[in-house]
Amino acid sequence: AVAAMVDPDGNTIGVSGLVNDVPGQVWVAVVYPSNWLDYRLEAVDTAGRSTVLGAMHLDSGAWKWAGRLPSGELQTLRIVRPDGTVTCIGALPV
């Protein structure tokens, strides 16, 4: 299953999904300009608290990340620039 990653204007700019359909193992890929070299992926829980999952890596024209989600009541994934601007948000893939 996959979930859309959507920018503040409502445009779908990428997707997230489960790695090999394993719950808690997630991949994310979005298309952004490469003018920011350190986008980071965060998981946000139901109370609005965020946990940094790691840096996005530019690969073949898309920013990508894959790894294990932390435990807890997670609600969304979001990608954030170094200045704190949220560039996109998406539901967790199930």
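There is 1 aromatic pair in this structure, counting rings of Phe, Tyr and Trp (its six-membered ring) whose centres lie within 6.5 Å. Y39 and W63 make it, sitting edge-to-face at 4.9 Å centre to centre with 75° between the planes; planes over 60 degrees apart count as edge-to-face, under 30 as stacked and the rest as tilted. Keep in mind that this is a predicted model, where local features need pLDDT of at least 70, side-chain atom pairs count only at pLDDT 80 or more, and totals for chains, interfaces and linings use all residues. Residues are numbered from 1 along each chain as its sequence is written, and side-chain values use heavy atoms, with hydrogens and water left out.

**The aromatic pair**
- Y39 is in the loop between β3 (25–30) and β4 (40–45) while W63 is in strand β7 (residues 62–68), so the pair ties together parts 24 residues apart in sequence; strands are DSSP runs (E, at least two residues), numbered from the N terminus.
- Y39 and W63 are both buried, meaning under 20% relative accessible area with a 1.4 Å probe, protein chains only.

**Around V28**
- V28 touches, among others, M5, L41, M56, W63 and I79, leaving aside residues up to four places away in sequence; contact means heavy atoms within 4.5 Å.

**The sheet**
- The 9 strands form an open, antiparallel sheet, ordered β5-β4-β8-β9-β1-β2-β3-β7-β6; strands pair if DSSP finds at least two bridges between them.
- At the edges are β5 (50–55) and β6 (57–59), each pairing on one side only.
- β3 and β7 pair in the antiparallel sense over 6 bridges, and Q25 has R68 in β7 as its bridge partner.

Notes. Helix = DSSP H or I, 4+ residues; strand = E, 2+ residues; numbered from the N terminus. Buried < 20%, exposed > 50% of the residue type's maximum accessible area, 1.4 Å probe, protein only.
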